[in-house]
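Please consult the sequence and structure shown here alongside the notes.

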Amino acid sequence: MERPIVIAGNWKMHLGIAGGRAFLDDFVPRLAGLPDRSRLTVLLAPNLTLLAPLADACGAADIRLAAQNCHPADAGAFTGETSVAMIRETGAGMVLVGHSERRQFFGDTDDFVRDKLRAVLNGGLEPILCVGETLAEREAGQAAAVVSRQLESALDGLPAAVDLMIAYEPVWAIGTGRTATPDDAGEMHVHIRNELCRLLPAIAARLPILYGGSVKPDNAAEIMSREDIDGVLVGGASLAPASFAAIAAAAPVSPGHHA
Ligand code: PEP
């Protein structure tokens, strides 16, 4: 089964509306200049305030838009929160769920992540489920078990046909300049694929598994050359059009790769 190669940018709490527009003015021609983007899915997760203003330009450039978070309830007294229906109304088609910064700084538990993921699917949008271990968990030899727990909690019992992506982001590699070695990342991606086969056997082979954690133009090609690494989720290096475009240009596009 041929999966797309996904190049995803997470702008976190950077770039406002003017900055987002300026990014696209520079980035879109670079993307159009790639020799072959037929296998590439490019997506951006800007701040919520940019989703509606950037939706048309992203649509025209075949860039998918994702929210960085959502609330699982349809509506209610949840000051400062955003429902999936509200996100859908902006024109965004995807939502990041369980990003480690949400888990670390905003108390998103496995159960809350599970509720959000279901709300995204029920609302007709596509979740990108982020999983990953902390440094202490890796050093204690628990990395695979932690990732299994996060996957199982979020995905167990889902209907057989859903669209979603997984992002493996070791917490110690996010924003730190430290990347997992391609071997460590590759090994974890194989583990994740095996877990997907167990949890969602009917669709496991077609779900993209992205790697995230200090991906830069100079390490992107090696990371994406690994079997079962179907793309990258990029934070810091997605803020500059030139570096994000260079990462997109590093994606393997040759037929048969990642078959
Ligand atoms: C992220 O925010 O998902 C991320 C991977 O950040 P960075 O690339 O900056 O490590």
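Buried means under 20% relative accessible area, exposed means over 50%, and partly exposed lies in between, computed with a 1.4 Å probe on protein chains only. The model is predicted: local features need pLDDT of at least 70, side-chain atom pairs count only at pLDDT 80 or more, and totals for chains, interfaces and linings use all residues. Residues are numbered from 1 along each chain as its sequence is written, and side-chain values use heavy atoms, with hydrogens and water left out.

**Gly212**
- Gly212 is buried, with a relative accessible area of 0%.
- Strand β7 (residues 209-212) contains Gly212; strands (E, at least two residues) and helices (H or I, at least four) are DSSP runs numbered from the N terminus.
- Not counting residues up to four places away in sequence, Gly212 touches Tyr168, Glu169, Pro170 and Leu233, where contact means heavy atoms within 4.5 Å.
- Gly212 and Gly9 are 203 residues apart along the chain, and their C-alpha atoms are separated by 9.9 Å.

**Helices α1 and α10**
- The axes of α1 (residues 17-32) and α10 (residues 241-249) come within 9 Å and cross at roughly 25 degrees; axes are lines fitted to C-alpha atoms, for helices over the stretch in contact, and angles run from 0 to 180 degrees between N-to-C directions.
- α1 and α10 are therefore roughly parallel to each other (angles under 35 degrees count as roughly parallel, over 145 as roughly antiparallel, 65 to 115 as roughly perpendicular and the rest as oblique).
- Their crossing is right-handed, that is, the near helix is turned clockwise from the far one by less than a right angle.
- On α1 the contact involves Phe23, Asp26, Phe27, Arg30 and Leu31, and on α10 Pro241, Ala242, Phe244, Ala245 and Ala248.
- These contact residues comprise 8 nonpolar, no polar and 2 charged; Ala, Val, Leu, Ile, Met, Phe, Trp, Tyr, Cys and Pro count as nonpolar, Asp, Glu, Lys and Arg as charged, and the others, Gly among them, as polar.

**Helices α7 and α8**
- Helices α7 (residues 143-155) and α8 (residues 182-199) have axes that come within 10 Å and cross at roughly 35 degrees.
- The crossing of α7 and α8 is right-handed.
- Residues of α7 in the contact include Ala143, Val147 and Leu151, and those of α8 include Met188, Ile192 and Leu199.
- The contact of α7 with α8 divides into 9 nonpolar, 2 polar and 3 charged residues.

**Val190**
- Val190 lies in helix α8 and is partly exposed, with a relative accessible area of 37%.
- The C-alpha atoms of Val190 and Arg226 are separated by 9.9 Å, with the two residues 36 apart along the chain.
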